[in-house]
Structures are given as C-alpha cells and as structure tokens.
Amino acid sequence: MAATKKTGMQTITFQNPPFFRGNAAVAGPKEGQGPLGRTFDVVLPDTLNGEETWEKAERKMLENACELAITKAGLTVEEIDFMMAGDLLNQLISANFTARDLGIPFIGLYGACSTMFEGIALASMLVEGGFADYVLAAASSHYDTAERQYRYPTEMGVQRPLTSQWTVTGAGAAVIGCEGKGPAITHVTIGKVIDLGIKDPSDMGSAMAPAAADTVIQHFKDTGRSPSDYDLIITGDLAAVGRALTEQLVKQAGYDISKNYTDCGILIYDPVQDTHAGGSGCGCSAVVLNGYLMGEIRTGKYRRVLGVGTGALLSPISSFQGESIPGIGHAVVIESTASLRK
Amino acid sequence: MEQDRAVPSAHETQKKIYSQMVARTKPKPPLARNVTGAFFFGGAICTLGQALLNFYISMGLTRPDAGAAASATLVFWAALLTGLGVYDSIAKYAGAGTIVPITGFANSIVAPALEFRREGMVFGVGQRMFTIAGPVLAYGFISAWMVGLITYLFK
C-alpha cells in the first residue's frame with residue numbers, strides 16, 4: 001500500500017490536520033528584556049531559577065513550560081498520551097529528568113536546536129495517524145549549561161567573534177491534539193543532514209544554513225508551493241549570518257524568500273544586547289514559536305507560516321577531532337484555523 | 001566505481017563555492033578596535049606590573065622577590081575580578097590584552113574552578129581547574145626543560 005500522506009520526496013501532507021491545543025514559553029531574564037519579552041508566559045528573575053545548579057534550573061524551566069502548556073490546553077497530565085522532548089545536554093538530562101517527574105510515556109529526541117520542530121512534526125504524525133489523542137512536544141536550552149558543555153567556563157575572559165550566537169535560556173512546550181481551536185499543522189518536511197564543510201563552532205549559522213535552505217527548497221518542490229504562499233517563512237536559530245546565507249542559497253534554486261523571511265535568532269534579541277549574530281539553542285525556536293509566533297497566528301497577523309527548526313549536529317569531541325559541522329532543518333507548516341476553513 | 005569518484009568531487013566543488021559565499025557574507029572582525037583595545041589594556045596591565053615591582057623594591061625586597069610579589073598581586077586581583085564576574089566583561093574589550101599577561105593565566109584557572117564547583121571538590125574543581133591552563137603548564141614545563149638541557153650542554 002502506498003503511503004497516501006506522503007507528498008514528493010520528503011513532505012507529509014496531513015489529511016486531517018492536527019491542532020495546537022496549548023502552548024507555553026518560559027524564558028530567561030536576558031530573553032525577557034528582549035523585543036519579544038512580553039510574548040513569553042513566564043520570564044525567570046535570574047538564570048538559576050531558585051535552584052542550586054544551572055542544569056536543575058533548565059529542568060525546572062522545561063517542567064514549568066510542559067505543565068503550563070497542558071493547563072492552557074485544558075487538560076491534565078494523565079490525559080497526555082505521549083511526551084516528546086529534547087535538549088542540548090549530554091544524554092538529554094533535561095528532557096529525561098523532566099519526563100521522570102511528569103510521568104508521561106516518553107520519547108526522547110535529539111535534533112540539536114531543531115528539536116522543538118522535530119517534536120511538533122512527530123507529535124502531529126502520531127495524532128493524525130490515530131495513535132494518540134494528545135501529544136506533548138517540548139524543548140529547552142540554557143545559556144550557562146550549554147556554554148560549559150560546548151565552549152568555555154562562563155567567567156573566562158574571551159572575546160566572542162561576530163559570527164557567534166548566544167544560547168537562549170528558555171523552554172517551550174506545545175500540546176498537539178486531534179481537535180482544538182489553535183492553529184493547525186498541515187504539512188511536515190523532514191530534513192536531510194547536510195554538511196558543506198564548515199568547521200568553525202563559533203559560526204553555527206553558516207554551518208546550518210545549507211540544511212535549512214535544502215529543506216525549504218525541497219518543501220517548495222514537494223508541495224508545488226512558492227514563497228508567496230506563506231505570510232512568513234521563519235528558521236529556528238540561524239541568526240544574522242545564517243539568515244543571509246539561506247536567503248542566497250534558496251535564491252540560487254529559483255525561489256525568492258527575501259520579502260517574507262526571518263529567523264527566530266534575530267527576533268529574540270535586540271542588537272544592543274550584545275549577542276553578536278543573534279540567538280541559538282533549542283530554546284530559541286521553542287520560545288519564539290510557542291510565545292511570539294502562536295500569538296501572532298492566533299490574532300491573525302500571520303495566516304500561514306513555514307517554520308524550519310534548524311540544528312547544528314556537532315559535539316565538542318567532533319570539533320576537537322577536526323570534523324566539520326553537519327546541519328539539519330525540519331519544516332512544519334502552521335496555518336490559522338480561520339485560514340484553513342476557506 | 002567512476003560514479004563513486006564523481007560524487008565526492010561534485011560535493012567538494014559545492015563546499016568550495018559555499019566557503020567563498022560564507023567568506024563574502026560573514027561580518028569582518030573589527031580589527032582596528034580589537035588591536036587598539038588589546039594594546040592599551042595589555043599595556044596598562046604591564047605598566048601596573050612595573051609600578052608594583054618598583055613599589056616592592058622601594059619597600060626593601062630584592063629584585064627577584066619583588067618580581068614574584070608583583071606577579072602574585074596581579075594574579076590575586078585577576079582571580080578576585082574573575083570571582084566577582086568582572087574580568088570577562090573587561091576581556092570583551094581587551095581581547096588578547098587580558099589573555100596574554102599573567103592575569104589571563106589566573107582567569108583561565110579560576111573561571112573553570114568556579115564553574116565546576118557544583119561537580120564537587122575532587123572531580124569538579126580539582127580536575128577541571130586546569131582544563132585551559134593545563135596545556136600551557138605542560139608545554140611550558142617541557143620547553144623550559146629543553147631550554148635548560150640545551151643551556152647545560154652548550155655552555
């Protein structure tokens with residue numbers, strides 16, 4: 001039997017689009033001071049969040065986002081069939097430990113910073129396929145936990161290059177269900193791992209841009225749509241450098257996205273916040289999607305959005321061994337219910 | 001087999017074209033500002049070192065002792081400023097100006113020691129405090145030993 005929901009090479013078209021039932025975004029203090037500060041449900045007073053360690057603080061933030069999304073969905077923890085979550089820390093300790101505390105049947109995901117979109121894509125498939133009524137997708141990152149794992153101790157006196165990005169302290173969660181009022185998920189395009197040889201770990205935008213561009217181009221080819229079919233095309237955490245590169249790469253394939261394309265990593269911080277290229281981390285697309293974007297789609301500012309979660313699939317070990325940085329991009333089409341009815 | 005060889009070469013070309021695109025798109029580091037910052041902050045730390053040396057000599061220490069005292073004072077202040085969370089803010093403007101002098105060495109030990117205290121005194125602080133300074137120490141000792149050996153053999 002042919003896969004009736006598969007469109008083209010990498011895209012899935014939902015026949016009964018699943019809905020966002022509840023969304024929550026919990027962000028750190030720096031993110032709260034940024035331009036999107038008021039779109040987050042909770043802004044932490046400090047990066048320790050009342051805990052002894054930054055790792056515990058990240059976990060508490062993720063748990064907070066999950067519980068809030070479930071409450072906003074009008075559901076209880078027991079009613080959630082499956083939870084899919086991930087983070088950047090070794091062995092996914094934030095997601096695993098949060099799932100231990102919540103007690104929801106759990107599937108751990110690692111898609112680096114693309115995890116939020118990877119989770120939404122998979123959760124939508126579970127719901128639309130009739131395998132679950134409600135699935136929780138979540139992701140988190142924390143500046144201090146990521147910095148000490150991937151780069152330098154936070155008090156080290158180093159000059160960050162202009163291409164470097166700032167890991168967002170934040171967690172986002174979304175409850176996806178077969179019925180609800182929220183925006184719908186109509187398509188998913190699963191990305192390929194693409195590597196064009198970038199080795200500089202302080203330039204992840206350049207490393208991820210080819211993967212993001214590849215997914216965007218493939219999405220247009222698979223669906224027969226063009227950039228003008230979307231009110232907004234938004235990538236996860238390419239920031240300023242990666243955004244400029246993605247735009248050029250997509251243009252080379254014959255699609256002009258310059259008019260309606262931006263990146264979560266650019267939106268989340270103000271240039272005066274001294275983050276250089278912009279934001280990064282699982283939390284970047286997670287809080288922008290579940291906070292800002294959901295709000296704008298609900299109020300009708302955007303009716304149809306192509307979101308592409310982007311991830312840099314490196315590890316400190318692969319970097320030390322001189323390997324280049326592979327990237328990935330997963331696309332999800334989010335459409336307001338009003339637009340869907342037309 | 002020929003096809004196998006053709007695929008990576010096309011990929012290599014694509015990589016090359018992309019690296020040129022990245023080089024065109026990437027912002028250029030503000031070299032003039034960075035060099036000026038490093039020159040003045042580095043110079044200021046060295047001047048402070050000289051002033052401390054003169055001060056300790058004037059207090060009656062011998063020159064080698066005064067040198068050690070001046071270094072210890074700089075290390076103390078760098079460690080304290082690291083602990084207070086100020087050193088990295090200065091380093092943002094100073095760059096190599098705060099890394100190269102002995103203060104940078106102090107910062108590179110205190111920063112990981114602070115960072116990993118939550119992993120305990122042995123496997124946290126004890127093991128991790130030399131993650132950045134370790135290579136400097138190891139190769140410093142090796143080159144000192146080699147210079148010593150050469151001096152011994154040829155003098």
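In this predicted model, the contact between the two chains takes 31 residues from chain A and 34 residues from chain B, where contact means heavy atoms within 4.5 Å. Three residues, A:E155, A:Q159 and A:L196, supply 26% of the area that chain A buries against chain B, more than any other three residues.

How much area is buried between chain A and chain B? The figure is about 2700 Å², and carbon and sulfur atoms give 61% of that area. Buried area here is the accessible area (1.4 Å probe) that two parts lose on being put together, summed over both.

Here are the pair counts across the interface.

| Pairs between chain A and chain B | Count |
|---|---|
| Salt bridges (side-chain nitrogen of Lys or Arg within 4 Å of a carboxyl oxygen of Asp or Glu) | 4 salt bridges |

One salt bridge joins B:E115 to A:R148, with the closest N and O atoms 3.0 Å apart. On the side of chain A that touches chain B, α7(A) gives the most, with 6 residues. Helices are DSSP runs (H or I, at least four residues), numbered from the N terminus.

Residues are numbered from 1 along each chain as its sequence is written, and chains are lettered from A in the order in which they are written. Local features need pLDDT of at least 70, side-chain atom pairs count only at pLDDT 80 or more, totals for chains, interfaces and linings use all residues, and side-chain values use heavy atoms, leaving out hydrogens and water.

Methods
Helix = DSSP H or I, 4+ residues; strand = E, 2+ residues; numbered from the N terminus.
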